[in-house]
Amino acid sequence: MTIKTKLLAATAVLSTLSINALPVLAADMPAAKSAPVIVEEHCKAAISTPTFGGLIKANPNPACIVTGLGDIYVGGAVTGFAYTETNAFGILSPSAEQDRFGRVDFSNLQGWIQKADGPLQFYVHAGLYSIPALGLPLYSAFEQTESLFGPIPVAFGKWQINDEWSIQAGRMFTNIGSELLFTYQNLNISRGLLFNQENFINHGVQVNYANGPFAAALAVTDGFYSGELNWVTGFATYKLNDANTIGINGGTHFSDFDASTRSPRFQFATINSLQNSSIISVNYTYANGPWIISPYFQYTNVARKEGYFSPIEGAETWGGTLLAGYTFTDNFALAGRLEYIEQSGTRGVVTGRGGTSVLYGPGSSAFSFTITPTFTWDRYFLRGEFATVQAYDVTPGFGFGRDGTKRSQERYLVETGFTF
């Protein structure tokens, strides 16, 4: 090897050593895999309270506020109505307000706030309300709010234990019945005759279960808002398929309560006979395309309490209702209701060993028909209604009219407003 060749070989070795000795740059390294970025989605909970069961639909995009406690949803209803009726009752309210032949009033001036996801949830519902029901006096929204459940009718907390089980406690909507409490929740403006046998709001503790098509709840409550936990109520529903659902609900008292010793204002919500009653209802709902069809059947029993009630005999009622609605266009639909109810007992006998009156006297019965055309534009609605009640075998003093002797009543209503 010549000297020139040796020098070239040495230069190549030094160059290689120099390159290998240089620091490694980040750009020369293989790219590291970055950790996945978790984006928390807000305001995606499914809102199911309050329930909407008619042609007026729940807001699909309720207002939502992201807070440190979680997503807080806000909604409400601002609605008013006007009505005229025949044969107004002579029964005075607790504040001596008279049932009128006509009135313009708020039907709902309400707001609600809720946390609907996570393990700890809550729901609070506040405001004025009028609850028009067929066959009963209809007082002002201020009088009903004051004499029934106050300006906060519903407020409860809920612990969502897992996907299937939850427990809630506080002031809650009832488990009983197929018609809901406030006007905008229903197919019709007025509640029906069978609804008048049910409780509406109660205090208590409730356990809920839901798994696939099956849902159920069981609660210990104060029944007709007595303040004493002496009722057990519950419901169970099964969704047969996307269009068909069957259900059963009811409740009974397990100890007696005497509301007759309380003030008239207290007894406005806690009717003595109904507080010591039992009730069961079975229902079916078909909801598919433009149709909503929901028949239900109901039985009630008022306990016989010798020396406790006056009169001392109990009472039973049997009844059935057909609710239906059909949507013709995106903005117009028509709803209707047919129902019949009758009470046990001997007509006209309401003293001594006679029967308790929970309808129009012992042995009475009644039929009602309601039709409600409904227009909707986004969150705004306008609807009218005609309803008639025909009563049979009425005990004088327990019927319609100022003197309680009339056997029928017609009511015409218009309601408008919006939910949000």
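**The disulfide and its surroundings**

Author: The link of Cys 43 and Cys 64 is left-handed, with -80° about the S-S bond. Cys 43 lies in the loop between helix 1 (3–21) and strand 1 (63–67) while Cys 64 lies in strand 1, so the pair ties together parts that are 21 residues apart in sequence. Here helices (H or I, at least four residues) and strands (E, at least two) are DSSP runs, numbered from the N terminus. This is a predicted model, in which local features need pLDDT of at least 70 and side-chain atom pairs count only at pLDDT 80 or more, whereas totals for chains, interfaces and linings use all residues. Residues are numbered from 1 along each chain as its sequence is written, and side-chain values use heavy atoms, with hydrogens and water left out.

The sulfur atoms of Cys 43 and Cys 64 are 2.0 Å apart, and a search of the whole structure finds 1 disulfide, a term that stands for a pair of cysteine sulfur atoms within 2.5 Å. Cys 43 is partly exposed, with a relative accessible area of 29%, and Cys 64 is partly exposed as well, at 24%; buried means under 20% relative accessible area, exposed over 50%, and partly exposed in between, for a 1.4 Å probe and protein chains only.

Turning to the strands, strand 5 (residues 154–160) and strand 6 (residues 165–173) pair in the antiparallel sense over 6 bridges, where pairing requires that DSSP finds at least two bridges between two strands. Strand 5 and strand 6 form a hairpin with 4 residues between them, and Gln 160 stands opposite Ser 166 in strand 6. Strand 6 also pairs with strand 7 (residues 201–211), in the antiparallel sense and over 9 bridges, and the bridge partner of Gly 170 in strand 7 is Gly 204.

Lys 239 and Gly 212 are 27 residues apart in sequence, yet their C-alpha atoms are 8.5 Å apart in space. Leaving aside neighbours within four places in sequence, Lys 239 is in contact (heavy atoms within 4.5 Å) with Pro 213, Asn 244 and Thr 245.
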